[in-house]
Amino acid sequence: MVKLSLAKTVQYLIDGDASIQDAIERGYANFSAIARLLKPKAERILGRKVTLEGMITSVKRAKTKYKPSRKQLKVIAESVIIIRTNLAKISLEKTRRNLEKARLISAEFPEAFFQILEGASALTLITDERIFSQVRSKFEDTGILDERGNLAAVIVQSPREIVDTPGCVMRFYNAISRRGINIEETISCYTETIIVLKMEDSVKVYSILADLISDARERLKNIK
């Protein structure tokens, strides 16, 4: 069995965390904070105690492999953001009957916001609040698993290239999760990334993603 050194262990841990890589690559990383965060994980892997000073030195020497490509930056830079407010969702057991009902109901409201998310055992419908009571009434006898209102959808519309460019959607999610904001549901539909969250968080998320897009545009200017 090959024993890892502290430096290689720290590199391994950083390679697995895109948010830390991004902080190091962009120059705003707090090395002491990263060292404290990774210290327990490094000790578990190595099977021994390590010093904080040794961790800090290893973090400073670590190389980040995370560097967005020009293609990724271009996709993000050309994205635009739309917000849909006053949404609600209902989660149901995934059965053939519920699936058929959901599809029929979606056809009844062609102009409304209506998304169907299919999981392995559950089905979630996200709709405008103005039609939610009508949608809910169709499933009262089937057993409702969960329902929530006061939601919003932040929709990121990206160029066609996002379909073939890895990492773009993850950068949207990482930017939001680093601010401690919970994503209720998310849907990727061709060139659109739909992020459903509490309505009170929608303005914050708009600002976060707008900053991400603005940053990508600035970074593109410096790439020849």
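1. A disulfide is taken here as a pair of cysteine sulfur atoms within 2.5 Å. The model is a predicted one, and a search of the whole structure under that criterion finds zero disulfides. Cys168 belongs to no disulfide, and the nearest cysteine sulfur to its own, that of Cys189, is 17 Å away. Cys189 is likewise in no disulfide, its nearest cysteine sulfur being that of Cys168, at 17 Å.

2. Helix 1 (residues 6-15) and helix 3 (residues 31-46) have axes that come within 10 Å and cross at roughly 120 degrees, which makes helix 1 oblique to helix 3. The crossing of these two helices is right-handed. On the helix 1 side the residues involved are Leu6, Thr9, Tyr12, Leu13 and Ile14, and they meet Leu38, Lys41, Ala42, Ile45 and Leu46 of helix 3. Sorted by class, the contact of helix 1 with helix 3 has eight nonpolar residues, one polar and one charged.

3. Helix 1 also packs on helix 4 (residues 52-61), at an angle of about 60 degrees and with the two axes 9 Å apart, and this makes helix 1 oblique to helix 4. Here too the handedness can be stated, since helix 1 passes helix 4 in a right-handed crossing. The residues that make the contact are Leu6, Ala7, Val10 and Ile14 from helix 1, together with Gly54, Met55, Ser58 and Val59 from helix 4. By class, the contact of helix 1 with helix 4 has six nonpolar and two polar residues, and no charged residues.

4. Which residues of helix 2 (residues 18-26) are buried? They are Ile20, Gln21, Asp22, Ala23 and Ile24, and what covers them includes helix 1, helix 3 and helix 8 (168-177). Just after helix 2, Gly27 takes a positive phi of about 85 degrees.

5. Helix 8, one of the elements covering the buried residues of helix 2, has a further packing partner in helix 9 (residues 199-221), where the axes come within 10 Å and cross at roughly 125 degrees. Helix 8 and helix 9 are therefore oblique to each other, and their crossing is right-handed. The contact is made by Arg171, Phe172, Ala175 and Ile176 of helix 8, with Val205, Ile208, Leu209, Leu212 and Arg219 of helix 9. The residues of the contact of helix 8 with helix 9 divide into seven nonpolar and two charged, with no polar residues.

6. Two residues deserve a look for their backbone angles, given that most residues other than glycine have a negative phi. Asn86, which is not a glycine, has a positive phi of about 60 degrees. Asn86 lies in strand 1 (residues 80-93) and, at 40% relative accessibility, counts as partly exposed. Tyr190, also a residue other than glycine, has a positive phi near 55 degrees. Tyr190 is found in the loop between strand 5 and strand 6 (192-198), and its relative accessible area of 59% makes Tyr190 exposed.

7. Thr186 lies in strand 5 (residues 185-189), and with a relative accessibility of 33% Thr186 counts as partly exposed. What does Thr186 contact, leaving aside its neighbours within four places in sequence? The residues in contact with Thr186 are Leu117, Tyr173, Ile194 and Ile195. As a reference distance, the C-alpha atoms of Thr186 and Ile34, which are 152 residues apart along the chain, are separated by 29 Å.

Methods: Residues numbered from 1 in each chain as written. Predicted model: local features only at pLDDT ≥ 70, side-chain atom pairs only at ≥ 80, totals over all residues. Heavy atoms only, no water. Axes fitted to C-alpha atoms, helices over the stretch in contact; angles between N-to-C directions. Helix = DSSP H or I, 4+ residues; strand = E, 2+ residues; numbered from the N terminus. Parallel < 35°, antiparallel > 145°, perpendicular 65-115°, else oblique. Contact = heavy atoms within 4.5 Å. Nonpolar A, V, L, I, M, F, W, Y, C, P; charged D, E, K, R; others polar. Buried < 20%, exposed > 50% of the residue type's maximum accessible area, 1.4 Å probe, protein only.
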